[in-house]
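Student: Hi! I have a model open here and would like to talk it through with you. Can we start with how its parts meet?

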Amino acid sequence: MNIQKIGIIGAGTMGGSIAQVIAQSGYEVVLEDIKEEYVRAGFAKIKDRLEKKVGAGKLESKERDRALSNIKTVQKLEDCKDVDLIIETVTEKEDVKKQIFRELDILCDEEAIFTTNTSSISITRLASTTGRPERFAGMRFMNPAYGMKLIEVVRGLHTSEETIGILIAVSEIIGKTPVVVQDFPGFVSNRVLMSMINDAIYCLQEGVTSRENIDTIMRLGANHPMGPLELADFIGLDTCLIILEMLYTDLGGRYRPCPMLKKMVAGGKLGKKSGEGFYEYR
């Protein structure tokens, strides 16, 4: 199957950055969200990032213009009916994702491939709401998609080899490194990452050492570019909590969310996006 047009469902942080990467690679992109203000804001952020790259001499102005011209913003799922590949990036709520895929399954050509950028929801369960489980997979971009090289290509129970092959090819065309994993809670990236973040929060709660020391130890001792508490702020503490709760339900044990994390989310301290988490961003 020749992929030419790609639909991105959700114009938020992940959807916008994924749309940027794909458009810069020459694909036609249909960027969809439910409100005009959402797609307008998403497109504006893409334009701003590309403008900065031009200003820094990392991108030619004609390349910027070409990438922006490859993106069409829409507010209805039906405007994505003629795409070859769907990448869903909406809120991490299973019922919301399932409803979107039910609608798309009716609207899109039967040969179109559906993927989700979910952090932890079962690919097999999402695929079961459609009539194309063999053409359904996970396509887990890392945040920010325009800067991170990895894509976890997640194979559901019924995902075909042909579908996996197409997603690997698309990933490589857009300059990413695809790694195929099986459909399992948290896949690999979040299963390992969230365990570390949760343990780091427990260390802070138990008074083992300060937040700065925890992050410094992992930066200098494990060669991580960012400490786990700083990274949690960047991801969003509410998002971390959602993922940990899902992992705890399926795997138990070390994924039990730290009470400190629950308290911070309940108090509106969500990390960088709210202005305060483990650190302040005012």
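Student: How much area is buried between domain 1 and domain 2?

Tutor: This is a predicted model, and in it about 700 Å² is buried between domain 1 and domain 2, with carbon and sulfur atoms giving 53% of that. On the side of domain 1 that touches domain 2, the residues are three nonpolar, three polar and three charged.

Student: Why quote an area at all?

Tutor: The accessible area lost when parts come together is often how the size of an interface is given.

Student: Okay, and how many residues are in contact there?

Tutor: Nine residues of domain 1 are in contact with seven residues of domain 2.

Student: What does UniProt list for residues 5-183?

Tutor: The unreviewed entry has "domain: 3-hydroxyacyl-CoA dehydrogenase NAD binding" for residues 5-183. In the model, that stretch is 41% helix and 22% strand, and its end C-alpha atoms are 26 Å apart.

Student: And what about 186-281?

Tutor: There the unreviewed UniProt entry gives "domain: 3-hydroxyacyl-CoA dehydrogenase C-terminal". Residues 186-281 are 61% helix and 0% strand, with 28 Å between the end C-alpha atoms.

Student: Which residues carry the "binding site" feature?

Tutor: UniProt, again in an unreviewed entry, places it at G10, A11, G12, T13, M14, G15, D33, E92, K97, S119, N143 and K273. They are spread over 264 residues of sequence, and in space they reach up to 22.9 Å between C-alpha atoms. One of them, K97, is found in helix α4 (residues 94-107).

Student: Back to salt bridges: how many does the structure hold?

Tutor: There are 18 in the structure. One of them joins the side chains of D82 and K5, at 3.1 Å from N to O.

Student: What does the D82 and K5 pair tie together?

Tutor: D82 lies in the loop between β3 (71-74) and β4 (85-88), while K5 is in strand β1 (residues 5-9), so the pair ties together parts that are 77 residues apart in sequence.

Student: New topic, backbone geometry. Is the peptide bond from N143 to P144 cis or trans?

Tutor: That bond is cis, with omega near 0°. P144 sits in the loop between β6 (136-141) and β7 (150-155). N143 is also among the residues with the UniProt "binding site" feature.

Student: Is phi of F187 positive or negative?

Tutor: Positive: phi of F187 is near 55°, in a residue other than glycine. F187 is in the loop between β8 (177-182) and α7 (189-205).

Student: Why point these two features out?

Tutor: Because most residues other than glycine have a negative phi, and most peptide bonds are trans.

Conventions: Residues are numbered from 1 along each chain as its sequence is written. This is a predicted model: local features need pLDDT of at least 70, side-chain atom pairs count only at pLDDT 80 or more; totals for chains, interfaces and linings use all residues. Side-chain values use heavy atoms; hydrogens and water are left out. UniProt positions are given in the numbering used here, feature names are shortened, and annotations may be inferred rather than shown by experiment. Helices (H or I, at least four residues) and strands (E, at least two) are DSSP runs, numbered from the N terminus. Contact means heavy atoms within 4.5 Å. Buried area is the accessible area (1.4 Å probe) that two parts lose on being put together, summed over both. Ala, Val, Leu, Ile, Met, Phe, Trp, Tyr, Cys and Pro count as nonpolar, Asp, Glu, Lys and Arg as charged, and the others, Gly among them, as polar. A salt bridge is a side-chain nitrogen of Lys or Arg within 4 Å of a carboxyl oxygen of Asp or Glu.
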